[in-house]
Structure formats: C-alpha cells, structure tokens
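This briefing summarises selected features of the structure shown below.

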Amino acid sequence: MARRSYYPSSVGGFADGFTQGFGLMQDAENARLDRQMAQSEIDATAKYRADTLAEDRRQFDEGTRQFGITNKREQDQFDAEIEIKKKEAEGAASLRAAQLSAANVAEAKSKAELDALERERVNEEGLAAMAQLDQVIKTAQRTGVMPDLQVINDLIEKTRPTKFDLSVALGKDFQSDIANFVNALSTQFQSGNSDLSDPRLEMGIDALIHSQGGALIGSTITDANVNAPEELQNGQYKIISREAVNIDIKEQGVSDHLPNGVMPEGREQQGPPRLAASADVLVTAEGPDGQLVHYIAPMTKGRSASTGERVQIPVNSIFDGVGGTAVMIDYLNKNMAEPIKAAKKEALGGEAAFQQAVSAQQEAVVNIIAANEGGRTFRSDKTNGELGPEDIQRIAEDRALGLGRKQGTYREEASREIMQTRLDLDPLLKDQRVKDPKTGKPTAMPDFSDAEILKLSATLNRNGTPSKATRDLLRVMLERKGAVEINRGGRLPLSGATARKISVPNVASHRFPT
C-alpha cells in the first residue's frame, strides 16, 4: 500500500483531502461532455426544423404542379410562400437562440475551467514557495546563520493567495478550530448522536475552506452568481465572507459519487453505502454605501457561482483532509513558526512596533466582545464572553502579525436579519395557510427556510416595508407551497407591511486585517 505523505513539499500536504472533496479543479471531462450534449441538442433542433420546412416546401410544390396557377391559386401560393418564410424565420430565430444559450453555457463552463486551472497554477506556486521557505529555514538552522528575514516575508506572501497560506495555518484560531472540528466530528460518530448545527463543525469547515479567502472572496456579484438574489446582481455588491451552514451528513451508495450518479455499463455497485457530507454557504456581501446583505447558497463543486448543485463530499475525504492539515500544523509549529513570526515582527518595524500593534488589537478585540458576548467571533468552542485574558492576548498577537482568519463571522448578523424579516412579513402572511400534514386541511402557517427569508429580505424597502418585488416573489413562493388565503379569496394583500418594529443591535463588523 502506498504511504500517504504529509511533508510540506508533497501535494498530499495541507488540506489535500479537501482539495479532492470540494473539487478545487473542475472536471474537464464532464465539462467536455456537457458542451458535447449542448451541441447535440442544437444539431437535433436544427435537423428537425430543416426536415419540417422541407416537407412544407414539398407539399406546396406538389400542390402547384397538380392544380396549375390561377389568380386565386396565385394568392394561395403567395400566402403559402409567406407562411413558409415565416416558419423559416421563426426556425432560424429559434436556432440562433439555442446556439446563443449553448454558447453562453459553454462560455461559462470554459471560464470556470480556466479559473480552476489558474487557481491550481497559483496553488502550485504557493506550494513551491512553502517548500523553498522550509529549505531556507533548515539551512539557517544547520549553519547557525540568521536567515534573510526579507526573503522569508517574500516567500510567505507567495503563499497568501493559495490554499497553502502560511499566515492562516499559523494562526491559533485556525489551529483551535481544526482541533475542535476533529473532536466534535469524532465524538458524534462514536456516540451516534449527531448535532450538525454544532458551531465546532461549522467553524471547522470555515477554517478549512473559507478562512483561506476562497475563490469568491472579494469578487463582485453579477448575474453569473446564479444563487444570489436578483436585487444583488447589479455589480454593486462585493462578497466579503462565506461561511458554512446547514451541514448535512447522510448515507450514499457508490453510484452517488460517480459522474452524473451513473454506474458504468457492466459494473455492479459493490460495498455498503458510504457517508457523504454537504452544506450550504452563508454569503455576506457589502453594498455601495457599506450596508451588509446576506444570502444562502449551496456549497458547490469548485466553489462555482454558476451552479446550484450541492456538492457531496465523502466523509473519509474530510478525515483525510483534516489529517493532512493537522500534520502540517504540527510541522509548521515545530520547524517554521518562530522564524516566520520573527520576520513578520521585523516587517512591522521591530519589537516595539509589534507591542504597540498588539495593544491596539487588544482594544479592538475587547470592543468586539463587549458588542457581542454571545457570539463566537474568535473560537468555535468558546463564546466571546467566555474568553479570558490569555485568550485575548493570544488573539491580539496573532492579529498584529496578520496570522489566522482573513475575515470574521457574520452568522449573528444574518440570524438577526432573518428574525427581523420574518416579523416584517407577518402582515402579509397572517391569513395564508397550507395543508396540515396530519389533517390535510389548510390550517398550517407557511414555513419558509432561512434561504427563502433572505431572498425576500433582499427585496424589502430600506425601512423594512415590502416592495412590489417582495409581494411578487412571496406570491410565487406561496403558490409553490400550495398556500391559500383564508380571508381574501386566495389573493395576497396589496397593502404594505408596517415599518420595522424592533431595532437591530448595531454590532460591530468583525473584519480582520488581510
């Protein structure tokens, strides 16, 4: 059996399992098949149109040969010609529309493939920089000569935009989240008692995937972000955070992990069902005037914004990824942490400048804690109010050096927005009912997911009153749920809801310096 290597210069190192599980590289073969299928549909449509028009032409020509041409028939012939030309024009227009649609799909997929290849290229450069940094430090240790701190800082920078980001991996918050994630996952599997809303699981996935920045952090929302509300697709909102929510773990058969879920011909499914994990992502974006907005999207393969299909990750891949990351963290702490921290202090201006930066960060951390003691801004196993002086000191030191997470958490803000939006929508829903699952009668209140509520929230006026878009979207959602209005003959009320009735606490945004 081949031995899995977790040495820094090996591709089996930092977050290797998640590289596989979350598909940072798009499947080029699947993309080729998708384009081939789209082209086949175009060809089939074109052939059908051509065959239909050819038969119309044949019947018309046959009629003119049999009956000759009279004034009446000339008019009939003229009308028939016009009808044929009309069909030809419609067919050409339909074909152009199909070609354009397929071209757009192919363009989107090609861009996704190119983006994935570019990410892989950048990741390879980050891996090479980490291996080079490892050699620089080992040489300094062997010779007893102080390494060039500027060289160390330059190599650290080369790892920053990659999944091998040393500035993230050396943060104590990141390391703590990884350890808590492993403990929570292992304990739940051993006991059989699962709590998939456990913050240690959510923040553990954040640590492994999203706290490294991610492919979409910093990008602008456009109509290519198919999971974003339409109101946010105007090019004025920038994504600042992505966090795991709605984690799900369930059994899947072997075929569920195959392309398109199809077992190759002649091959039978073998072995027991396997556990696979999936999740949604809470996306937080910043608008042109600094306001924060949220929406929930499925966690997709390659973190692609152009698909709504939830990726399924085999649990054994998750454990592989965590294992590789844990070994990497241990290696970094033993062999590279101190030289890297020394280089970062030098870049700040020395020890005095570092201590001054720590004091400023301590004040910032204390302010965040005071504003939201029940939140988990810094630790997955402790609320902000549970942090002690040593915790605050450690957090401040890491933040002064730029170590650890690159962005904060916005789960608390999103939860308050969801709660407030439900209150804003109450006047529009008070007379709406859906079938009770037990009695089959329309007596139950409609139930909306958090993702649906946030979509509706994006349509509200700034004072919380419903817009026309709110009522239109709500009407569509209610129709899908089979809702009826018990007092108004099935119509949504047209009057606006009252303005927001409760104030949302002005919690400081927990943004971290990059």
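Predicted model: local features only at pLDDT ≥ 70, side-chain atom pairs only at ≥ 80, totals over all residues.

How many bridges join strand β1 to β2, and do the two strands run parallel or antiparallel? Twelve bridges join β1 (residues 238-252) to β2, and the two strands run antiparallel.

**Strand β2 and its partners**

- Strand β2 spans residues 274-286, and ten of its 13 residues are buried, so the strand is largely enclosed by the rest of the structure.
- In the pairing with β1, which runs antiparallel, Lys 250 stands opposite Ala 276 of β2.
- Strand β3 (residues 292-298) is joined to β2 by seven bridges, again in an antiparallel arrangement.
- Within that pairing, Val 293 of β3 is the residue opposite Ala 285.
- The hairpin of β2 and β3 has five residues between the strands, and Gly 290 takes a positive phi near 90 degrees there.
- Strand β4 (residues 313-314) pairs with β2 in the antiparallel sense over two bridges, and Ile 313 in β4 is the bridge partner of Ala 277.
- Asp 280 and Ala 451 are 171 residues apart in sequence, while their C-alpha atoms are 9.4 Å apart in space.
- Ala 451 belongs to helix α13 (residues 450-457) and has a relative accessibility of 23%, so it counts as partly exposed.

**Helix α4**

- Helix α4 (residues 149-159) has as its buried residues Leu 149, Ile 152, Asn 153, Leu 155, Ile 156 and Thr 159.
- These residues lie on the same side of α4, because they cover an arc of only 165 degrees around the axis.
- At the start of α4, the backbone nitrogen of Gln 150 has a side-chain oxygen of Asp 148 within 2.9 Å.

**Salt bridges**

- Side chains of opposite charge can pair when their charged atoms come close.
- The salt bridge count comes to 18.
- One of them joins Lys 138 to Asp 134, with the closest N and O atoms 3.4 Å apart.
- Lys 138 and Asp 134 are four residues apart in helix α3 (residues 71-143), so about one helical turn separates them.
- Which of these two partners is buried, and which is partly exposed? Asp 134 is buried, with a relative accessible area of 2%, whereas Lys 138 is partly exposed at 31%.
- Another salt bridge links Asp 198 with Arg 200, where the closest N and O atoms are 2.8 Å apart.
- In this pair, Asp 198 has a relative accessible area of 8% and is buried, while Arg 200, at 29%, counts as partly exposed.
- Asp 391 and Arg 379 also form a salt bridge, their closest N and O atoms being 3.5 Å apart.
- This pair links distant parts of the chain, twelve residues apart: Asp 391 is in helix α11 (residues 389-401), and Arg 379 is in the loop between α10 (351-371) and α11.
- Both Asp 391 and Arg 379 are buried.

- Where does Asp 206 lie? Asp 206 is part of helix α7 (residues 199-208).
- The relative accessible area of Asp 206 is 7%, and as the cut-off for buried is under 20%, Asp 206 is buried.
- A polar contact of 2.6 Å connects the side chain of Asp 206 with the side chain of Arg 411.

**A nonpolar surface patch**

- Which residues form a nonpolar patch on the surface? The patch is formed by Phe 189, Leu 275 and Phe 319, which together have about 230 Å² of accessible area.
- Phe 189 is located in helix α6 (residues 172-191).
- With a relative accessible area of 34%, Phe 189 is partly exposed.

Notes
Residues numbered from 1 in each chain as written. Heavy atoms only, no water. Buried < 20%, exposed > 50% of the residue type's maximum accessible area, 1.4 Å probe, protein only. Polar contact = N/O pair within 3.5 Å; in protein donor to acceptor, adjacent residues only side chain to side chain. Arc of directions from axis to C-beta. Patch = residues over 30% accessible without salt bridge, like charges linked within 9 Å, V, L, I, M, F, W, Y side chains within 5 Å. Areas by Shrake-Rupley, 256 points an atom, 1.4 Å probe, with all protein chains shown as cover. Salt bridge = Lys/Arg side-chain N within 4 Å of Asp/Glu carboxyl O. Pairing = 2+ DSSP bridges.
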